[in-house]
Amino acid sequence: MVSVETIDLPPRRPGEIDVSISTAAICGSDLHTVLGHRSSPHRTALGHEGVGRVTEADEAVVDLRGEPLRQGDRIVFGLFNACGECDRCARGLSMKCRSVIKYGHESVTSPPYATGTLASHVRLLPGVPVLRIPDDVTDIEVVSAGCAVATAAAIVSAAAMTAAPERILVLGAGAVGTYCAAMLTSAGHTVEVKDPSADRVALAQRFGARSPRLEAEAYPVVIEASGSADAFAEALGVCDIGGRLIAAGSVSPGASTVPVDPAIVVTRRLTVIGVHNYTGDDLRHGVDWLLAHGRYRDLGRLVSPPLPLSSVREAFDLMREGRYARVLVRPDAG
């Protein structure tokens with residue numbers, strides 16, 4: 001059951017940033033939570049993709065570029081906070097911080113309470129990656145920066161692409177897969193995309209992707225972004241000798257299984273890398289791509305027309321239909 005309710009926030013604590021949301025997007029993982037496909041606490045504050053303006057922050061607070069944040073600054077932000085001191089943070093795994101809190105996954109009954117972007121306001125904890133953005137880009141162009149775009153940037157980073165153009169197969173043409181294709185084609189690589197939905201494949205092609213050739217040889221890089229067990233098995237099968245498989249689609253442990261012949265990995269000398277969420281650097285790289293390339297692409301095709309927050313149930317129904325990679329939600333006027 002999805003509902004809208006009003007909560008009273010306690011005074012902001014030092015280091016926290018209060019943000020007024022202008023536009024949010026429903027992600028596939030939000031839908032999975034609502035459908036019961038993943039565990040969640042009682043009264044989860046849903047939503048982790050959003051753009052908004054700072055309403056209150058300490059004078060010493062800066063963004064990922066070291067720029068001071070002031071009241072009225074327009075920002076995007078990450079979906080997690082990190083302590084920066086534990087062993088995982090020290091190993092570059094800030095998204096898996098020992099004390100991580102994930103936005104869109106926490107209850108409104110626990111501090112800092114306002115942790116979902118499907119709301120009028122959100123409260124960012126210290127350690128949440130934040131970036132100022134210019135006013136000359138639209139909400140639609142940057143709303144997915146904190147999830148789909150940053151995750152795609154993390155996938156591209158994990159793929160360790162060379163300067164020379166390579167052939168890449170992306171399995172899954174949802175938001176993450178489509179952003180991967182767009183980023184990689186803008187860097188000069190040839191990207192082929194597969195998805196059961198012809199409409200999604202056609203959309204990915206508008207961002208530079210191609211359909212796989214029937215006689216295609218094995219691929220040096222394969223990205224699995226669908227979450228399908230069959231797609232993961234296919235990815236292993238079409239990865240070339242010495243190839244790299246970036247697995248990013250399956251995010252619900254126990255939801256599916258796939259038999260794996262370890263000899264395929266061993267004899268082909270494959271590298272299999274799992275990517276779940278991202279680092280602050282990935283968010284920065286994703287936003288850099290949006291500002292340099294994304295604003296010149298028709299990113300509006302990935303999202304629905306905006307619905308008011310009071311119609312959030314209808315918004316989830318629209319997301320369930322699968323017509324849009326993201327469904328936009330905006331706070332009600334007034």
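Ala, Val, Leu, Ile, Met, Phe, Trp, Tyr, Cys and Pro are counted here as nonpolar, Asp, Glu, Lys and Arg as charged, and the others, Gly among them, as polar. The structure is a predicted model, in which local features need pLDDT of at least 70 and side-chain atom pairs count only at pLDDT 80 or more, while totals for chains, interfaces and linings use all residues. Residues are numbered from 1 along each chain as its sequence is written, and side-chain values use heavy atoms, with hydrogens and water left out.

By these classes, the lining of the largest pocket has 20 nonpolar, 22 polar and eight charged residues. A pocket is an open set of points on a 1 Å grid over the protein atoms alone, where a 1.4 Å probe fits and protein lies on both sides within 12 Å along at least five of seven lines; lining residues have an atom within 4 Å of a point. The largest pocket holds about 1,300 Å³ of space, a volume being the space filled by probe spheres set on the points, which are joined across faces, edges and corners. Among its 50 lining residues, His32, Ala225, Ser226, Gly227 and Gly249 are the closest to the centre. Helices H1 (28-35), H4 (145-159), H5 (175-186), H7 (229-238) and H10 (312-321) each supply at least two residues of this lining, and H1 gives the largest share, five residues. Helices (H or I, at least four residues) and strands (E, at least two) are DSSP runs, numbered from the N terminus.

The second largest pocket has a volume of about 820 Å³. It is lined by 30 residues, of which Ser3, Val4, Glu5, Val108 and Leu118 are the closest to its centre. This lining divides into 17 nonpolar, 10 polar and three charged residues.

Helices H4 and H5 also pack against each other, at an angle of about 55° and with their axes 8 Å apart. Axes are lines fitted to C-alpha atoms, for helices over the stretch in contact, and angles run from 0 to 180 degrees between N-to-C directions. H4 is therefore oblique to H5, given that angles under 35 degrees count as roughly parallel, over 145 as roughly antiparallel, 65 to 115 as roughly perpendicular and the rest as oblique. The contact (heavy atoms within 4.5 Å) includes Val149, Ala152 and Val156 of H4 and Tyr179, Cys180 and Met183 of H5. By class, this contact has 12 nonpolar, one polar and no charged residues.

Helix H9 (residues 280-292) packs with H5 at about 70°, with the axes 12 Å apart, so H5 and H9 are roughly perpendicular to each other. Their contact is made by Tyr179, Ala182, Met183 and Ser186 of H5 and by Gly286, Trp289 and Leu290 of H9. Five of these residues are nonpolar, two are polar and none is charged.

H4 and H9 pack at about 100°, with axes 8 Å apart, which makes H4 roughly perpendicular to H9. The residues in contact include Val149 and Ala153 of H4 and Asp282, Gly286 and Leu290 of H9. This contact has eight nonpolar, three polar and one charged residues.

Two backbone features remain. Most residues other than glycine have a negative phi, and most peptide bonds are trans. Pro111 and Pro112, however, are joined by a cis peptide bond with omega of about 0°, and Pro112 lies in the loop between helix H2 (87-90) and strand S4 (121-124). Arg269 has a positive phi, near 55°, and is placed in the loop between helix H8 (262-267) and strand S10 (271-274).
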